[in-house]
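Visitor: Hello! I would like to learn how to read the features of a protein model, one step at a time. Could you walk me through this one?

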There are 2 protein chains.
Amino acid sequence: MTTAEKASPRDRLLDAAARLSYRDGVSIGIEALCREAGVSKRSMYQLFDSKDEMLAASLERRMPGYQARLTHPDPASATPRESILYVFEQLEKRSVEPGYHGCPYLAVLVEVKDPEHPASVVAREAKDVLLSTFRTAAERGGARDPELLARQLLLVFDGASARAGARVEHLDDGLTTTTVTALLDASGMR
Amino acid sequence: MTTAEKASPRDRLLDAAARLSYRDGVSIGIEALCREAGVSKRSMYQLFDSKDEMLAASLERRMPGYQARLTHPDPASATPRESILYVFEQLEKRSVEPGYHGCPYLAVLVEVKDPEHPASVVAREAKDVLLSTFRTAAERGGARDPELLARQLLLVFDGASARAGARVEHLDDGLTTTTVTALLDASGMR
């Protein structure tokens with residue numbers, strides 16, 4: 001895809017679904033979605049079985065970018081501690097951007113109450129990848145209980161993204177890196 | 001209110017709004033709400049200006065009960081540390097109950113993207129009360145930075161309630177009390 005004009009109807013729908021559901025929630029209407037994408041409802045239903053499937057596909061499509069943003073730019077030289085803290089530094093940076101509403105995957109998990117919904121399945125996958133990244137770093141860094149530490153880090157990540165996304169908290173004073181440092185120290189991690 | 005039959009239309013609407021929005025999300029329809037409450041749409045609009053106002057009132061009505069559940073049953077004898085840990089023990093207990101979808105106030109903050117929405121205003125208030133409870137306990141317990149500790153505890157509380165509510169985490173092995181204990185120790189709290 002080079003320019004917005006050249007994007008296929010499928011890509012335009014996926015972009016619109018990601019953008020509107022992030023901004024307004026997963027209950028956005030199909031009319032609004034098709035209007036935003038410049039695609040007819042008829043074409044939409046030729047491309048996707050349902051809005052739910054389209055939403056799931058839009059979340060899946062964004063996953064590589066999401067993961068890349070949370071990965072240390074020099075993973076070979078970064079210590080496990082640095083690679084974990086990098087994730088939270090990125091979270092803190094993004095949280096002050098205009099239009100920030102928290103982690104899109106967590107938002108979907110909270111909004112869609114049904115764990116079997118196709119979008120919930122993709123969102124859970126994104127969260128599992130982050131958990132597994134934390135666990136691997138915790139193992140490499142010699143944490144006493146890498147699984148426990150990884151789960152603790154996700155509590156902080158999701159709590160911070162939900163609270164900052166809802167504008168009841170601000171992270172730009174290093175709240176999450178301070179919190180995570182205390183947990184890394186307590187875990188015996190180098 | 002003694003029995004469901006004797007509840008006023010207003011109370012039936014508020015109960016239905018709390019129950020359905022918690023289970024299905026804030027985008028529940030007015031028809032479904034009125035049907036659940038056994039109240040006509042016409043009567044509803046005589047009682048409330050809008051669905052948003054009704055939702056906010058339903059959240060406000062539940063606040064005393066919510067706060068009571070998180071308050072140590074013997075606040076005079078509980079140490080500050082005990083009163084903080086009690087909040088998380090309650091969270092861990094509730095998280096395994098059927099129909100648990102996390103903290104209702106956090107869910108509203110995540111679902112309603114507009115901070116000026118009447119329901120967001122009430123939800124923020126509920127969260128501020130909990131923050132202030134934590135801050136007071138942190139001060140009494142001699143934490144080096146009571147405000148920081150209170151904010152950290154809210155990250156854990158909201159992260160845990162969002163993740164357990166979405167069934168991507170389970171708290172019944174003491175995940176939050178372990179995490180909070182590490183943060184209380186790091187804060188220098190007695």
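Guide: Gladly! Let us begin with a term: a salt bridge is a side-chain nitrogen of Lys or Arg within 4 Å of a carboxyl oxygen of Asp or Glu. In this structure, E169(B) makes such a salt bridge with R151(A), and their closest N and O atoms are 3.0 Å apart. Between chain B and chain A the count is 8 salt bridges.

Visitor: What should I know about the model and its numbering before we go on?

Guide: This is a predicted model, in which local features need pLDDT of at least 70 and side-chain atom pairs count only at pLDDT 80 or more, while totals for chains, interfaces and linings use all residues. Residues are numbered from 1 along each chain as its sequence is written, chains are lettered from A and ligands numbered from 1 in the order in which they are written, and side-chain values use heavy atoms, with hydrogens and water left out.

Visitor: How many residues of chain B are in contact with chain A?

Guide: Contact means heavy atoms within 4.5 Å. By that rule, 38 residues of chain B are in contact with 38 residues of chain A.

Visitor: And how much area do chain B and chain A bury between them?

Guide: The size of an interface is often given as the accessible area lost when the parts come together. Buried area is that loss, found with a 1.4 Å probe and summed over both parts. Here chain B and chain A bury about 3200 Å² between them, and 68% of it is on carbon and sulfur atoms. In chain B, the residues losing the most area to chain A are K113(B), R151(B) and L155(B), together 24% of what that side buries.

Visitor: Which helix of chain B gives the most to the side that touches chain A?

Guide: Helices are DSSP runs (H or I, at least four residues), numbered from the N terminus. There are 12 residue pairs in polar contact between chain B and chain A, both residues at pLDDT 80 or more; a polar contact is a pair of N or O atoms within 3.5 Å, where within protein one must be able to donate a hydrogen and the other to accept it, and residues adjacent in sequence count only if both atoms are side-chain atoms. Helix 8 of chain B gives the most to the side that touches chain A, with 11 residues.

Visitor: Where does R167(A) lie?

Guide: R167(A) sits in the loop between helix 8 (146-165) and helix 9 (175-186) of chain A. Most residues other than glycine have a negative phi. Phi of R167(A), however, is near 65 degrees, a positive value. For R167(B), phi is near 65 degrees too, and R167(B) is found in the loop between helix 8 and helix 9 of chain B.

Visitor: What domains does the assignment give for chain A?

Guide: Domain bounds come from an automatic or database domain assignment. For chain A it gives domain 1 (1-48) and domain 2 (59-186). Taken over C-alpha atoms, 27 Å separate the centres of these domains. Their contact takes 9 residues from domain 1 and 10 residues from domain 2.

Visitor: How many salt bridges are counted between domain 1 and domain 2 of chain A?

Guide: The count is 2 salt bridges. The side chains of D15(A) and R61(A) meet in a salt bridge, at 2.8 Å from N to O. The two domains of chain A bury about 810 Å² between them, 54% of it on carbon and sulfur atoms. In domain 1 of chain A, A18(A), Y22(A) and V26(A) lose the most area to domain 2, together 62% of what that side buries.

Conventions
Helix = DSSP H or I, 4+ residues; strand = E, 2+ residues; numbered from the N terminus.
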